[in-house]
Amino acid sequence: MDQAESLRQLVRSKRGSKQAPKEEDTREDYGHYTTTKVITVASGKGGVGKSNFTVNLAIELSKMGNRVMILDADLGLANVDIIMGINPKFNLTHLIKEEKDIKDIITETEYGVKLIASGSGVKELVNMSNQQREKFILKLSEIEDMVDILLIDTGAGISKNTLSFIYAADYTIVITTPEPTALMDAYGLIKVASSGKKSVALKLVVNMVSSKDEAKEIASRVILLSRRFLNIFVESYGYIYRDRSVLNSVMAQKPFAAMFPDSRATACVREIAKKVSARFVKENEKLIEQETPEATGIGGVFKKVFDLFTK
Ligand SMILES: Nc1ncnc2c1ncn2[C@@H]1O[C@H](COP(=O)(O)OP(=O)(O)OP(=O)(O)O)[C@@H](O)[C@H]1O
Ligand SMILES: [Mg+2]
């Protein structure tokens, strides 16, 4: 049996072993029934708030009862760990080099969210042999049962790495600010992401706004441009106020959702988390009705990432 077949068998047996939910099942039983939802967070311009959004969205999703993991895929410039004020001992590099097992590189945080930290050697993803790659995917599939939602924080710009994660995810949240430069770069990212052969699902979050009206106006501009010139529907997913508590929390190395739970920024992220969570439950219900679920989960996602790397 080759590696690919063993991967398929693993996925099949995982699915087969799960019981269909019963009426008395709680929302949590539902949530844990199907494979992991994978959401990538990306932007055109740098410094628009991706990492802060990812961390605080993860915390809010976790408060709602979801089991959440962050994968820091900002290769080389990882800073999710800094925002969370933690110092992970092991990261993706150790897994790739087979020095550590998947369970060893998962950092538990005090915020109820798990983190797979990035590492400077992660560029090796591109240089792995086929056999190494299959092994790596198999290892990642092992965390399937531990996680409901995997959030992937990416680096700014349109790198091959980021595009791979956009194509592989269930959907991508594009972050922009109202600045014309950030908007142009967000549009540029949407253009490149939607010009590939694969279909992509894109959502938009406008960060650092001063009013709801400003957020609305900015979002509708991006959505209209994308529809008119790229023929792609980008869905508005919310906005976050420019809020000093974000800066203060970064300085304190404590996420604002934890440090300032009553801040305007936290309230905005909570609204987005509600949307993400509701969608997750609804899609799971749909999957449960299907005889053969089409969700790909973590193993499938990384397989797609690698397929793109090698093409
Ligand atoms: N809603 C907000 N209100 C005020 N300041 C914010 C807000 N969001 C982000 N910032 C500021 O922007 C800075 C950059 O945020 P962050 O590191 O999350 O951006 P990024 O998009 O991940 O950057 P990079 O592209 O370098 O990865 C933060 O340190 C903070 O000072
Ligand atoms: Mg970042």
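Predicted model: local features only at pLDDT ≥ 70, side-chain atom pairs only at ≥ 80, totals over all residues.
Visitor: Why is Gly47 called exposed?

Guide: The relative accessible area of Gly47 is 69%, and the term exposed applies over 50%, so Gly47 is classed as exposed. That area is computed on protein chains only.

Visitor: What makes the approach of ligand 1 to Gly47 a polar contact?

Guide: A polar backbone atom of Gly47 is 2.9 Å from an oxygen atom of ligand 1, and since a pair of N or O atoms counts within 3.5 Å, the pair qualifies as a polar contact. By the same cut-off of 3.5 Å, a backbone N or O atom of Gly49 qualifies at 3.0 Å from an oxygen atom of ligand 1, and so does an N or O atom in the side chain of Asn207, at 2.9 Å from a nitrogen atom of the ligand.

Visitor: Which residues come nearest to ligand 1?

Guide: Of the 18 residues around ligand 1, the nearest are Gly47, Lys50, Ser51, Asn52 and Asn207.

Visitor: How do you know how helix H8 and helix H9 are arranged?

Guide: The axes of H8 (residues 180-195) and H9 (residues 212-230) come within 11 Å and cross at roughly 35°, and the crossing is right-handed. Among the residues making the contact are Leu183, Tyr187 and Lys191 of H8 and Ile218, Arg221 and Phe229 of H9.

Visitor: What makes up that contact in terms of residue classes?

Guide: The residues of the contact of H8 with H9 divide into eight nonpolar, two polar and two charged; Lys and Arg count as charged, so Lys191 and Arg221 belong to that class.

Conventions:
Residues numbered from 1 in each chain as written. Chains lettered and ligands numbered in written order. Heavy atoms only, no water. Axes fitted to C-alpha atoms, helices over the stretch in contact; angles between N-to-C directions. Helix = DSSP H or I, 4+ residues; strand = E, 2+ residues; numbered from the N terminus. Left-handed = near helix turned anticlockwise from the far one by under 90°. Contact = heavy atoms within 4.5 Å. Buried < 20%, exposed > 50% of the residue type's maximum accessible area, 1.4 Å probe, protein only. Near = heavy atom within 4 Å. Polar contact = N/O pair within 3.5 Å; in protein donor to acceptor, adjacent residues only side chain to side chain.
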